[in-house]
Amino acid sequence: MAYEKETDIPMQQTGGQAANGSATSNRNEPLMNDDYDLEAARQKENGSLNSDRDEMLHRIRTSNSVTISPELFEKLYLSPERAVKGNLRQTFANPTPLALLGHVLCICPLACDLLGLRGAGQFGAASTGTYVFVGGLLLVLSGIFEFFLGNTFSFVVFCAFGGFWFSFAGTLIPAFNSVGAYSPTGDNQVLGIVTPRFQASFGFQLLFWAVAVMILLICSVRTNIAFLSLFICLEATFLCLTIGYFTLAEGHSQLGQNIVHAGGGCALACGCVGFYIFLVLMLVAVDFPFLLPVGDLSHLMKGYQQKHGPLKTR
């Protein structure tokens, strides 16, 4: 009853017109509130649809960026997949085949020279231009591109061997006088290459390259059988050439030459494996109907970060 009395007082004070106006106002307020709520609901719904659409597009982009399986990634880049920011690997071409082509086009002619096939020899001097503009240049460029793609192992391997072919070419270029300095006249390439001092000095260079290749060989255990075989042949090449040139420096010409020939055979085997890997990569590049196996090894040995999580940097 108290509630009814309180509501009757304003009705008497305001009169019928006020009451009608109040009634009209009260009747219109809910309509305005309904319109406001409806508009807000529409905006909220549109915002939700836009959010869902953006999330769907993000999922599509994400799914496209991880469509490469670990086995295929390892086959493409000759290294286990590592998480990197961005999608450069899906944007730019794969530089790995170019590096392999540069390497095999240098090591195969050199192997034939070391073997003395069809009278070849002279330390492979006929291929000096190839060592510079094919081996050194292509390997270094490919290594730089691997750097931007985040493939550390490939970057180190390609740049290192690009430097090797550059340095080997420098040894043969007369302007550098690397060989002629050991001759009696100080500038004769032909006499300098057969002196024990040059052979011993060159043997030490090959020795420490054998150490570097051994480290890369150990790391390649997590790649594939083909790449591992390439490093095994390469390690055997450097070891045979090291022993061979040390033996030549000691005056054992025939034995040393035989060991150098063995090193040439290992280098030729390395080149053949390299050509096979190059063929595998090019078949993948053109989406050939079938792919050749490389013997993936990355799944046989879990990496440190796979076991313990990402490395923490301070």
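This note covers a pocket and the cavities of the structure above.

1. The model is predicted, so that local features need pLDDT of at least 70 and side-chain atom pairs count only at pLDDT 80 or more, while totals for chains, interfaces and linings use all residues. Residues are numbered from 1 along each chain as its sequence is written, and side-chain values use heavy atoms, with hydrogens and water left out.

2. The whole structure holds two cavities of 30 Å³ or more, a cavity being a set of points on a 1 Å grid over the protein atoms alone where a 1.4 Å probe fits but cannot get out, whereas a pocket is an open set with protein on both sides within 12 Å along at least five of seven lines; lining residues have an atom within 4 Å of a point. Points are joined across faces, edges and corners, and a volume is the space filled by probe spheres set on them.

3. The largest cavity has a volume of about 170 Å³, and of its 17 lining residues Leu110, Phe164, Thr237, Phe238 and Leu241 are the closest to its centre. The largest share of this lining, five residues, comes from α9.

4. The second largest cavity, with a volume of about 100 Å³, has a lining that includes His103, Phe161 and Leu234, and α9 supplies the largest share of that lining, four residues.

5. The second largest pocket has a volume of about 310 Å³ and is lined by 15 residues, with Gln122, Phe123, Ile193, Tyr245 and Gln257 nearest its centre.

Conventions:
Helices (H or I, at least four residues) and strands (E, at least two) are DSSP runs, numbered from the N terminus.
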